[in-house]
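My notes follow in the order I took them.

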Amino acid sequence: MSSYRSLFRTPEFTPLFLGSAAQTAAQTLGGLALATLVYRATGSPLLSAVSMFGPSLAQVLGATLLLSGADRLPPRTALSVIALAFAAGTAVQAVPGLPTGALFGVVLLLGLVASLGGGVRWGLLNEILAKDGYLPGRSLFNMMNGLMQIAGFGTGGALLGMLSPRVCLLLSAALYLPAALTLRLGLTDRPPRAGGRPSPSATWRTNALLWSSRPRRLTYLGLWLPNGLVVGCESLYVSYAPHAAGTLFACGAFGMFAGDVTVGRLLPPAVRRRLATPLLLLLATPYLLFAAHPPLPVAMVCVTIASAGFCASLVQQERLMDLTPGELAGQALGLHSSGMLTMQGVSASLAGAVAQLTSPAAGMTVMAAGSVCVTLALATAARRSPERSSPESGRGPAAAGAR
């Protein structure tokens with residue numbers, strides 16, 4: 001397996017990594033600022049959750065209409081334009097007096113743009129790294145995301161104590177500009193991985209091909225559902241602890257970082273492949289303790305431990321790539337990203353609705369219980385399904401993940 005140090009000697013990895021880091025920092029600060037702005041204005045846990053995770057709801061539309069562009073657009077141009085689009089959209093959200101309907105319209109539009117970004121980014125990462133480099137590369141990206149979120153939520157919480165949410169949104173918009181510049185100047189002008197023009201029909205055909213394999217279907221469901229339901233728990237941090245939400249998000253980011261280091265570098269492949277189900281159960285189970293409405297220190301410990309379970313996605317993505325032909329890697333990873341983020345948006349809305357009717361603690365408990373049930377159901381389905389390679393993948397069977 002490639003070392004982390006060797007990844008940075010790979011051409012194009014460093015600018016892709018740095019550009020993505022800047023985008024993550026911008027998204028973290030902007031998401032927390034927007035959720036705080038909406039919660040202060042409305043006092044609604046539902047609207048606060050949807051404002052922060054609402055872009056994810058548009059991912060399903062992007063996945064059905066735009067995702068073929070992940071393999072059919074030049075990666076450098078696509079990634080830099082997406083960063084500029086987020087800079088503009090975040091700046092619009094900071095406009096004083098913007099109606100709530102218009103605010104959420106911008107949120108959903110940005111989600112539609114983001115649905116293409118995941119496929120382009122991860123398809124390019126799969127292209128520039130050797131076959132044994134994708135998992136440590138993705139692990140390093142996840143670790144970077146965790147560190148940027150720790151810094152972003154911690155800094156964002158401090159800034160929101162001194163500045164207005166609108167000023168923080170403008171700072172977030174400004175962070176997207178160096179991201180766009182780094183991607184534009186640091187990446188080479190690679191041609192698209194697949195021929196043809198992006199179109200809804202091309203997107204549908206490839207999605208149908210990817211979905212036609214039962215092992216891939218179970219892998220996709222495992223990547224989307226348990227993870228998404230737990231993000232519903234996260235979406236209630238602002239309403240659960242309005243003055244300490246940034247602290248809870250930072251604890252979650254630290255837990256993700258620790259999990260990604262463990263799975264990405266420390267565990268041998270034979271052990272790693274058996275851990276998807278245990279890690280998904282770890283992801284959800286600590287949130288069941290929120291039924292007792294724990295004080296902040298206990299909640300911080302629960303969030304940190306639970307978030308280590310997000311590293312299950314590394315195991316599942318490795319399996320997905322084993323089941324997928326290389327020329328479809330961008331759309332396959334984009335479908336994973338879009339489906340996961342869509343489920344996160346749906347779960348955030350559902351969690352907000354439950355919290356609106358009961359309490360944020362009850363909403364977290366319900367979502368966590370749902371994640372545990374789904375994980376066990378998928379593990380049972382995987383055991384009843386014989387392992388075999390996909391006929392169109394041209395690759396051998398992957399070792400059983402827990403999907």
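**Serine 139**

I listed the neighbours of serine 139: leaving out residues up to four places away in sequence, it touches Tyr4, Asp260, Gly264 and Leu314. I note here that the model is a predicted one. I then looked up where serine 139 sits, and the place is helix α8, residues 134-162. Is serine 139 buried or exposed? Its relative accessibility is 0%, and buried means under 20%, so serine 139 counts as buried.

**α6 and α9**

Next I checked a helix pair, which is described by the angle and the distance between the two axes. For α6 (residues 75-93) and α9 (residues 165-186), I read that the axes come within 8 Å and cross at roughly 170°. Angles over 145 degrees count as roughly antiparallel, so α6 is roughly antiparallel to α9. I went through the residues that make the contact: from α6 they include Leu79, Ala83, Phe86 and Ala87, and from α9 they include Leu170, Ala173, Tyr176 and Leu177. Arg76 of α6 and Arg184 of α9 are also among them. I sorted the contact by class and found 13 nonpolar, 5 polar and 2 charged residues.

**α11**

Last I took helix α11, residues 214-234, which has 21 residues. From its first C-alpha to its last I get 30 Å, close to the 30 Å expected at 1.5 Å a residue. Where does α11 bend? I find a bend of about 25° at glycine 228. I also looked at burial: α11 is mostly covered, with 17 of its 21 residues buried.

Methods
Residues numbered from 1 in each chain as written. Predicted model: local features only at pLDDT ≥ 70, side-chain atom pairs only at ≥ 80, totals over all residues. Heavy atoms only, no water. Helix = DSSP H or I, 4+ residues; strand = E, 2+ residues; numbered from the N terminus. Expected span 1.5 Å × (residues − 1). Bend = angle between axes of the 7 residues up to and from the residue. Buried < 20%, exposed > 50% of the residue type's maximum accessible area, 1.4 Å probe, protein only. Axes fitted to C-alpha atoms, helices over the stretch in contact; angles between N-to-C directions. Parallel < 35°, antiparallel > 145°, perpendicular 65-115°, else oblique. Contact = heavy atoms within 4.5 Å. Nonpolar A, V, L, I, M, F, W, Y, C, P; charged D, E, K, R; others polar.
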